[in-house]
Amino acid sequence: MSQQVQGVIAPGKNEPVRVETIVIPDPGPGEAVVKIQACGVCHTDLHYKQGGINDDFPFLLGHEASGVVESVGEGVTDVEPGDFVILNWRAVCGQCRACLRGRPWYCFNTHNAKQRMTLLDGTELSPALGIGAFAEKTLVAAGQCTKVDPEVSPAVAGLLGCGVMAGIGAAINTGQVGRGDSVAVFGCGGVGDAAVAGARLAGAAKIIAVDIDDRKLETAKTMGATHTVNSRSTDPVEAIRSLTDGNGADVVIEAVGRPETYKQAFYARDLAGTVVLVGVPTPEMQLELPLIDVFGRGGSLKSSWYGDCLPSRDFPMLIDLHQQGRIDLGAFVTETIGLGDIEQAFTRMHEGDVLRSVVVF
């Protein structure tokens, strides 16, 4: 038996999103149906809408979500109906070469639900990042469900499903920020501010936030930035060096995803320092660096996919830290909205007016 729910689709490239009736099949082997309670509006959803990911329209948008497991298919043992879960788009397989080497956060064979959700006329939908959570319910692989404490606010919990986890993980997991380190973060949107919060959580002594918008820099201060640099009016490389005894930062996190800001991040790090790219570039972007500088400066140049997180490890830990008051995940929720407000939320996000709009059901 299938069921019908309301969901938001992107029908075609750059077309306005719209609310449609979605058909959800019963879960098959290894699958689960989740009743969505909250889902953040992430920039990746806008990329899907604009055709920047691929052209498999129509998309069922939404992926940064939390909810309650309604039903599970054959063979599912890790979750059961009634469990409060955060959805993740990196359900590890446990069998690929990365998993077998004890590095499941690099899993090369993550999986999604096998069945497809559809429109009433049978048109198959492409769920954003294998989730599709701008809907009252969605079908996912059971491994995409991570149980956490049900006492936490769903609007807060869902943020770990993408952007906030990406930023915190870029600092803690990929950048391995340590106690007393100096950290610079380029780009103070949701991901960049999460990197600032992650650096503070890790014990960084100096956290330098860089952006071209003073409003975003003020918000970064509330997340833990000790210094701010408006790169529209100030050379950020020179500013970061002057704030670090002329050396550059130990860890520089690029949360913009552009060649020009990446080059600034590269030259703003200390010798043998680390650059972490967590901002998502577009396919046509090219990077040019003198190879002698790559060699001579040493250190590490890393990219961070989903903050190199392991959901089963990181989601419950961060929820516990939030409930203990050691990290304020709720500070990332700018507003709560309904399903019909998503197009307007994309506009506010593009204009830099929000960290996160969260659809609450």
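Some conventions come first. This is a predicted model, in which local features need pLDDT of at least 70 and side-chain atom pairs count only at pLDDT 80 or more, while totals for chains, interfaces and linings use all residues. Residues are numbered from 1 along each chain as its sequence is written, and side-chain values use heavy atoms, with hydrogens and water left out. Helices (H or I, at least four residues) and strands (E, at least two) are DSSP runs, numbered from the N terminus. Two strands are said to pair if DSSP finds at least two bridges between them.

Let us turn to the parallel sheet. Six strands form an open sheet, and their order is E13-E12-E11-E14-E15-E16, with parallel pairing. Its edges are strand E13, residues 227-230, and strand E16, residues 300-303, each of which pairs on one side only. From one strand to the next, the twist averages 15 degrees.

Within this sheet, strand E11 covers residues 182-186 and strand E14 covers residues 249-254; they run parallel and are joined by four bridges. Besides the pair that opened this talk, Phe186 has Glu254 of E14 as its bridge partner. E11 also pairs with E12, again in the parallel sense, over five bridges. There, Val185 stands opposite Ala209 of E12.

Is E11 covered or open? It is mostly covered, since five of its five residues are buried. Buried here means under 20% relative accessible area, whereas exposed means over 50% and partly exposed lies in between, using a 1.4 Å probe and protein chains only. Ser182, Ala184 and Phe186 point one way from the strand, while Val183 and Val185 point the other way.

Next, the helices around this sheet. E11, H5 and E12 make a right-handed β-α-β unit. A crossover is right-handed if, with the strands pointing away from the viewer, the path from the first strand over the helix to the second runs clockwise. Helix H7, residues 236-243, lies across E11, E12, E13 and E14, and runs at about 165 degrees to E12. Helix H8, residues 259-267, lies across E11, E14, E15 and E16, and runs at about 150 degrees to E15. For such angles, axes are lines fitted to C-alpha atoms, for helices over the stretch in contact, and the angles run from 0 to 180 degrees between N-to-C directions.

How do H5 and H6 lie relative to each other, and at what angle do they cross? Their axes come within 9 Å and cross at roughly 25 degrees. That makes H5 roughly parallel to H6, because angles under 35 degrees count as roughly parallel, over 145 as roughly antiparallel, 65 to 115 as roughly perpendicular and the rest as oblique. The contact, meaning heavy atoms within 4.5 Å, is made by Asp193, Val196, Ala197 and Arg200 of H5 with Thr219, Ala220, Thr222 and Met223 of H6.

Among the buried residues are Gly163, Met165, Ile168 and Thr174. What covers them includes strand E5, helix H5, E14, E15, E16 and helix H10. Just after H4, Gln176 takes a positive phi of about 50 degrees.

The model also has an open sheet of five strands, in the order E7-E2-E1-E4-E8, with mixed pairing. Its edge strands are E7, residues 118-119, and E8, residues 126-127, each pairing on one side only. Strand E2, residues 18-24, runs antiparallel to E7, and two bridges join them.

I close with two individual residues. Val85 is found in strand E6, residues 84-87, and is buried, with a relative accessible area of 0%. Leaving aside neighbours within four places in sequence, its contacts include Val34, Ala65, Val79 and Cys145. Phe134 lies in the loop between E8 and strand E9, and at 0% relative accessibility it too counts as buried. Phe134 and Val19 are 115 residues apart in sequence and 9.2 Å apart in space, C-alpha to C-alpha.
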